[in-house]
Amino acid sequence: MTTSRSTSLLKPITHMNKLLCLLLAVAPLTAYAASADVGQDTLHATIAALDQEVFDSFNRCADPAQLHKHAGYFDAAVEFYHDTGGVTWTREAMLANTARHVCGNFTRQLLPETLEVFPIKDFGAIARGQHRFCDSASGKCEGLADFTIIWRLRDGQWQITRVLSYAHRASGGTPTR
């Protein structure tokens, strides 16, 4: 009878041990999820700040010093895909287009509520969102487009390696094709 009594006492302990083991196994996952959220918030803030910096210089690129500063955010072999303007394969070609078509003509404004940032393991981040374009002479903001930017973090420095700028349209309009 002692055997059956000791066996019945072990059953609740075994069940409790299983529950404890399950809780201990899940706790690190919960902690990881919480730390991933903190990391994601930090990454989003970093990329949002970089977006502000790169386009502050873009918006003032009529000043050669600002165009030079703008260039520093891009890898020398940046690929820039523009649905209506085509593809450029180097920073120099992209900057030539920027100087020719943008500087002094229009500015870019991020629609902050649309910015999404996704980490790329062992590389950097993807930024995706919408921006609008404002005519420098009139101040009217009548253009809208979607963008995707690939950011690389190397040796503590963020640089843009790929840009997709697409679905250009009039504000409130449908994408132009």
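Begin by selecting the bonded cysteines: numbered in sequence order along the chain, they pair 1-2, 3-4. The structure holds two disulfides, a disulfide being a pair of cysteine sulfur atoms within 2.5 Å. This is a predicted model, in which local features need pLDDT of at least 70 and side-chain atom pairs count only at pLDDT 80 or more, while totals for chains, interfaces and linings use all residues. Residues are numbered from 1 along each chain as its sequence is written, and side-chain values use heavy atoms, with hydrogens and water left out.

**The disulfides**

Select C61 and C103, whose sulfur atoms lie 2.0 Å apart in a disulfide. With -125 degrees about the S-S bond, this link is left-handed. C61 sits in the loop between helix 1 and helix 2, and C103 in the loop between helix 3 and strand 3, so the pair ties together parts that are 42 residues apart in sequence. Helices (H or I, at least four residues) and strands (E, at least two) are DSSP runs, numbered from the N terminus. Both C61 and C103 are buried; buried means under 20% relative accessible area, exposed over 50%, and partly exposed in between, with a 1.4 Å probe and protein chains only.

Next, select C134 and C141, which form a disulfide with sulfur atoms 1.9 Å apart. The link of C134 and C141 is right-handed, with 100 degrees about the S-S bond. C134 is buried at a relative accessible area of 3%, whereas C141 is partly exposed at 23%.

**The nonpolar core**

Now display I47, F74, I149, W151, W158 and I160, the residues with the most contacts inside the largest nonpolar core, which has 27 residues. Such a core is a set of buried Ala, Val, Leu, Ile, Met, Phe, Trp, Tyr and Cys residues joined through side-chain atoms within 4.5 Å. Elements that give two or more residues to this core include helix 1 (2-59), strand 1 (74-82) and strand 7 (157-170). Helix 1 supplies the largest share, six residues.

Which residues surround W158? Leaving aside neighbours within four places in sequence, W158 is in contact with L43, T46, I47, L50, G124, A125, W151, R152 and L153. Contact means heavy atoms within 4.5 Å.

A pocket is an open set of points on a 1 Å grid over the protein atoms alone, where a 1.4 Å probe fits, with protein on both sides within 12 Å along at least five of seven lines; lining residues have an atom within 4 Å of a point. The lining of the largest pocket divides into 13 nonpolar, twelve polar and no charged residues.

Move on to A48, D51, Q52, F55, D56, N59, R108, Q109 and L110, which line the second largest pocket. The volume of the second largest pocket is about 160 Å³. Its lining has three nonpolar, three polar and three charged residues. Here Ala, Val, Leu, Ile, Met, Phe, Trp, Tyr, Cys and Pro count as nonpolar, Asp, Glu, Lys and Arg as charged, and the others, Gly among them, as polar.

Finish at D51, found in helix 1. D51 counts as buried, at 4% relative accessibility. Not counting residues up to four places away in sequence, D51 touches R108, L110, F147 and W151.

Conventions:
Points joined across faces, edges and corners; volume = space filled by probe spheres on them.
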